[in-house]
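Could you walk me through this structure? I'm new to it and would like a plain tour.

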Amino acid sequence: MGIVTGAEYLKRMARLKSNVWMEGKRVECPLTDVEPFRSVLKAKGKLYDMVHDEQYASTLQGKDQKINFSYDIPRTKDDLVKRRKATQLWANETLGVLGRSPDYVNTMITVMAGAKKFFSEADPQFGENIDAIYKRAKEEDLTFTHTFVNPSISRKPFFPDGQGNEQPIATKIIEETEEGIIVDGARLLATQGGMTDELLVIPSAAFIDSDYLFGCTIPSDTEGLTFINRPPYKKESTFDSPLSSQFEEGDAIVVFDHVLIPWNRVFLYRNEWLMNDLFMKTGMESFLLYQAINRQIVKTEWLLGIAQALVTTLDIERHQHIQGKLGEMIIALEAMVGFVYSSEAQAEVNDYGIMVPKLESLKACASYYQMTYPRLIEIIQLLGASHFIAAPSEKDFASSIAPYLERFVKGEYVSAYDKFQLIQLARDMTMTEFGTRQLLYERYFYGDPVRVLSSLNGLYSKKKEELQMRISDFFEREK
Ligand SMILES: Cc1cc2nc3c(=O)[nH]c(=O)nc-3n(C[C@H](O)[C@H](O)[C@H](O)COP(=O)(O)OP(=O)(O)OC[C@H]3O[C@@H](n4cnc5c(N)ncnc54)[C@H](O)[C@@H]3O)c2cc1C
């Protein structure tokens, strides 16, 4: 098969029987018939159709094979450039707001399979397993979400159940059988949980002990798996809520109630060094960031576009501080682009023949964006001010009071309808529940900003030592 069309993808999603709960009820399958799943699945279907579109095919299909670009293993710097363009092309279709566009987790699977030998060193079967997972995903054009984080009740991995037993909180290996491992507990957090073909589970960085160490992929409708989705932010009107009406992904707690994971799905098992080296040695961390940052670049372009449209519509560009605020956004965009080019220019082939963009540049960029994104959102709020509050709805424009709106709240150069279409887009990006979740997402999806910054510091140890040496060299120079 290789590459699916939007219709084929949606047909497959309609067959998915995931156990998804939302607002106290099990969501009736097919998910393709139920909001908010229907809308976001449709948006993803459009991405798959783009892959077949002649004008995009050379970018969105594999270099030499009819596969999705995200399943191509990058071997050269040109491959990286192609990947960057493809991610940005897809991201542009969803304004950069879709965190789990399929290329995000697909890329992780691809890089892990490219580094098959890394897993084989621990156990040849692990290498075979990750390879088979990748080949099936590539062949069937599968989608994934992932869960990395343990629940954090009191930061303890288990609690007494009242009968003297310890009940796992974080998902724990409780039994080994001939068929596979049985795990019990919960993991956080799966964006689009239950609405992807499969779920990728990778051990949490917060290591507890080897009972919690396993890596696998399983179908989202595996028996015993429950996704507890948060209440949806989805709204109906594409005028009032242009983003939440189309791109509400959902986020779910994942419960593993005695779930059997077949051995052929496991690529990491009770192996601490494999887990410790997984992200850096394979190149997976670089690629995870490379995808995310290219998406964020596109999102920043949209933010700047929205800001400029607001400034023009509200006729406020003559003020110097407004120009300064747009200038701040331009700096953010240029910085992000620069970080990515730097990562490409300094890319190197790793032990497994994968061309890996420079992690330091990407990690610095990720940290920069965690700090900068809230400011970009604040700038848009400052530009729109009370226009975000005195914002009539689609129903107002369709009612008999519409002439008041065109008379009293139109823009200098645009109709009230056009003005508030833009205001609603800016509001949904920055102020609604959807927009606020976006803010939290950009701050946290890659991990706690405090610890990301601290790990960047650790990553830079060698370079910092060299720089420190320069100081003593300076003092030792002949005067
Ligand atoms: C919208 C959204 C979507 C997400 N989607 C996914 C997903 O699809 N898959 C996935 O695996 N994860 C996902 N995540 C989870 C993400 O990985 C975590 O949010 C992130 O790792 C931080 O963990 P936490 O939220 O448990 O925060 P916590 O670790 O509980 O931290 C809470 C606060 O306490 C502070 N803190 C806690 N411990 C320490 C410490 N040791 N040192 C210093 N400060 C500390 C933090 O700085 C922070 O301010 C998502 C998160 C969000 C917000």
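**A listed site and a pair of helices**

Let's begin with what the record says. In an unreviewed entry, UniProt lists Thr191, Asp448, Pro449, Val450 and Arg451 under "binding site". Keep in mind that the model you're looking at is predicted.

Take two of those listed residues, starting with proline 449. You'll find proline 449 in helix H16, which covers residues 449-459.

Now for valine 450. Helix H16 holds this residue too. With a relative accessible area of 60%, valine 450 is over the 50% cut-off and therefore exposed.

Next, a pair of helices that pack together. Two packed helices are described by the angle between their axes and the distance between those axes. Here the pair is H10, residues 320-345, and H11, residues 359-384, and they pack at an angle of about 160 degrees with their axes 10 Å apart. Which way do H10 and H11 run relative to each other, parallel or antiparallel? Angles over 145 degrees count as roughly antiparallel, so H10 and H11 are roughly antiparallel to each other. Their crossing is left-handed. As for what makes up the contact of H10 with H11, its residues divide into 17 nonpolar, four polar and three charged.

Methods
Residues numbered from 1 in each chain as written. Predicted model: local features only at pLDDT ≥ 70, side-chain atom pairs only at ≥ 80, totals over all residues. Heavy atoms only, no water. Axes fitted to C-alpha atoms, helices over the stretch in contact; angles between N-to-C directions. Helix = DSSP H or I, 4+ residues; strand = E, 2+ residues; numbered from the N terminus. Parallel < 35°, antiparallel > 145°, perpendicular 65-115°, else oblique. Left-handed = near helix turned anticlockwise from the far one by under 90°. Nonpolar A, V, L, I, M, F, W, Y, C, P; charged D, E, K, R; others polar. UniProt positions renumbered as here; feature names shortened; annotations may be inferred. Buried < 20%, exposed > 50% of the residue type's maximum accessible area, 1.4 Å probe, protein only.
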